[in-house]
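Hi,

Here is the structure we talked about.

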Protein chains: 2
Amino acid sequence: MAEAIPIRGPRADRARRVADVLRQQIHAAAYLDELPTESELAAEFSVSRNAIREALGILKDEGLIDRGPKVGTHVAQRKYDHRIDSLLGLKEAFKHVGEVRNEVRAAMPVVAPPAVASRLQLEPGEQAVFIERLRYLGDLPLSLDLTYLTPDIGTQILDHTLENPLETQDLFALIELVSGHRLGSASLALEAIPADAHSAATLQVPDGSALLMLERLTSLDDGRPVDLEYIRMRGDRITMSGHLIRSKP
Amino acid sequence: MAEAIPIRGPRADRARRVADVLRQQIHAAAYLDELPTESELAAEFSVSRNAIREALGILKDEGLIDRGPKVGTHVAQRKYDHRIDSLLGLKEAFKHVGEVRNEVRAAMPVVAPPAVASRLQLEPGEQAVFIERLRYLGDLPLSLDLTYLTPDIGTQILDHTLENPLETQDLFALIELVSGHRLGSASLALEAIPADAHSAATLQVPDGSALLMLERLTSLDDGRPVDLEYIRMRGDRITMSGHLIRSKP
């Protein structure tokens, strides 16, 4: 077997390794509330207590655990799992977890910016419908969703809203209802971005917090793109998970 | 059509909308270098120049653009696209973009922590092989990759490394080479996390920068899990993109 290559800055490196495994264990509900003691974790990971303490500091800074003298280390927050490989609205996705509540911040016809018009295959200057929602799961914001809809579908959804508030349904479900089509597929891009001051205040996180940014263009089953979304998810509350099959190199 | 619901904090909201569309346009290479002037953008988005200025400030804070008096607004960095829906190593994925270079920070047998052993279907206390690499594209770090391999495959890869440095190949390609199996599938979880101080220094980003964290368990085509990875990607350098088909609610 090859000789081990020495590690630089060993404690910080060990702390990172421990933090990554613990982060996944917290997510997998390996600990329902209290984590093992520093000594127990040190034995489990074959590292010093100082390295464990540093790892727990990392997870505390991520908002996953609370720590205090005498009270031990507790899970502060478990992230919610949103499937990346299925095209489900939040409400559908979390129906077994809890109630998703929407605060509608805007819902109106707008002139689509050229880049938006182009992606939705609208004529330059054509109207789109813009909807902005702050979405809560429990008492805390989960995501801030900006949505551009094609005018045919968007207009019906705005009308629909009057009698049947958006609060009751995901946009995906409403799009299928008013269009009479099933959704077909979506192109998406995921990034990690820092929260700008205003988005941070809206999502109730500190300035510069890590957000998971999802940009998604969804088409009907006839291939027509109808829904362009920009979704900022709180990094401390959402994990996107999925399953992949290897494609040929 | 329904009456528009008034928007609170209009300028910040408009700036966010503009920033989201511009972010996507920069990613799609709509601007090769210089962005349009503030006045041109104000006309394009039907918002005030102040809102445009605020939007550009957001993108500057994300590291995407540079701005200066008299020199205008330029693209500072375009993010690289990593496909979420194919199982490719970085080197395979970026072969048309540039050279991925690895700095091997560790490569050694370790006793697998219980949670790692369990995911790799190893006996408690069994050895795994741990490899840690800092991966560069061009002159800048792209990601910091922590990998646990099953001992059969990992040991061969460590040996292999002596004659054929890891620098030359993705681990995925090496796993297929030494195992004689194709990779089959992977389970993954994506999160946005803040960079802890040591990871930030290693990735050459400020403390607390938004990182895209990928946790991925990859199996051979016979279903056996062999490769557990924790990959920290610089949020300002990588976008993960993919295509989805709607599943039934």
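A word on angles before anything else: angles under 35 degrees count as roughly parallel, over 145 as roughly antiparallel, 65 to 115 as roughly perpendicular, and the rest as oblique. This is a predicted model, so local features need pLDDT of at least 70 and side-chain atom pairs count only at pLDDT 80 or more, while totals for chains, interfaces and linings use all residues. Residues are numbered from 1 along each chain as its sequence is written, and chains are lettered from A and ligands numbered from 1 in the order in which they are written.

Helices first. In chain B, the axes of helix α2 (residues 38–45) and helix α3 (residues 49–61) come within 9 Å and cross at roughly 105°, so α2(B) and α3(B) are roughly perpendicular to each other. (Helices, H or I with at least four residues, and strands, E with at least two, are DSSP runs numbered from the N terminus; axes are lines fitted to C-alpha atoms, for helices over the stretch in contact, and angles run from 0 to 180 degrees between N-to-C directions.) On the α2(B) side you'll find B:E38, B:S39, B:L41, B:A42 and B:F45, which meet B:R49, B:I52 and B:R53 of α3(B). By class that makes four nonpolar, one polar and three charged residues. Here Ala, Val, Leu, Ile, Met, Phe, Trp, Tyr, Cys and Pro count as nonpolar, Asp, Glu, Lys and Arg as charged, and the others, Gly among them, as polar.

In chain A, α2 (residues 38–45) and α3 (residues 49–61) pack at about 105° with their axes 9 Å apart. The contact there takes in A:E38, A:S39, A:L41 and A:A42 from α2(A), plus A:R49, A:I52 and A:R53 from α3(A). Chain A is also split into domain 1 (10–75) and domain 2 (80–241), with bounds from an automatic or database domain assignment. Their centres, taken over C-alpha atoms, are 35 Å apart.

Now, how do the two chains relate? A rotation of 180° with 0.0 Å of shift along its axis puts chain B onto chain A, at an RMSD of 0.0 Å. That is the relation of a two-fold axis. The superposition is by least squares on the C-alpha atoms of residues with pLDDT of at least 70 in both copies. In chain B, B:A210 comes closest to the axis, with its C-alpha at 2.2 Å.

As for the interface, 78 residues of chain B are in contact with 78 of chain A, contact meaning that C-beta atoms, placed from the backbone, lie within 7 Å. On the chain B side, the largest share is twelve residues from strand β7 (residues 183–194). That side has 42 nonpolar, 19 polar and 17 charged residues. The copies meet through the same surface, because 100% of the interface residues of chain B are also interface residues in chain A.

Strands cross between the chains too. β7 (residues 183–194) of chain A runs antiparallel to β10 (residues 238–245) of chain B, joined by six bridges; strands pair if DSSP finds at least two bridges between them. Within that pairing, A:S187 sits opposite B:H243 and A:S185 opposite B:I245.

Finally, there is an open sheet of eight strands with mixed pairing, in the order β3(A)-β10(A)-β7(B)-β8(B)-β9(B)-β6(B)-β5(B)-β4(B). Its twist averages 20° from one strand to the next.

Cheers

Notes
Two residues are in contact if their C-beta atoms, placed from the backbone, lie within 7 Å.
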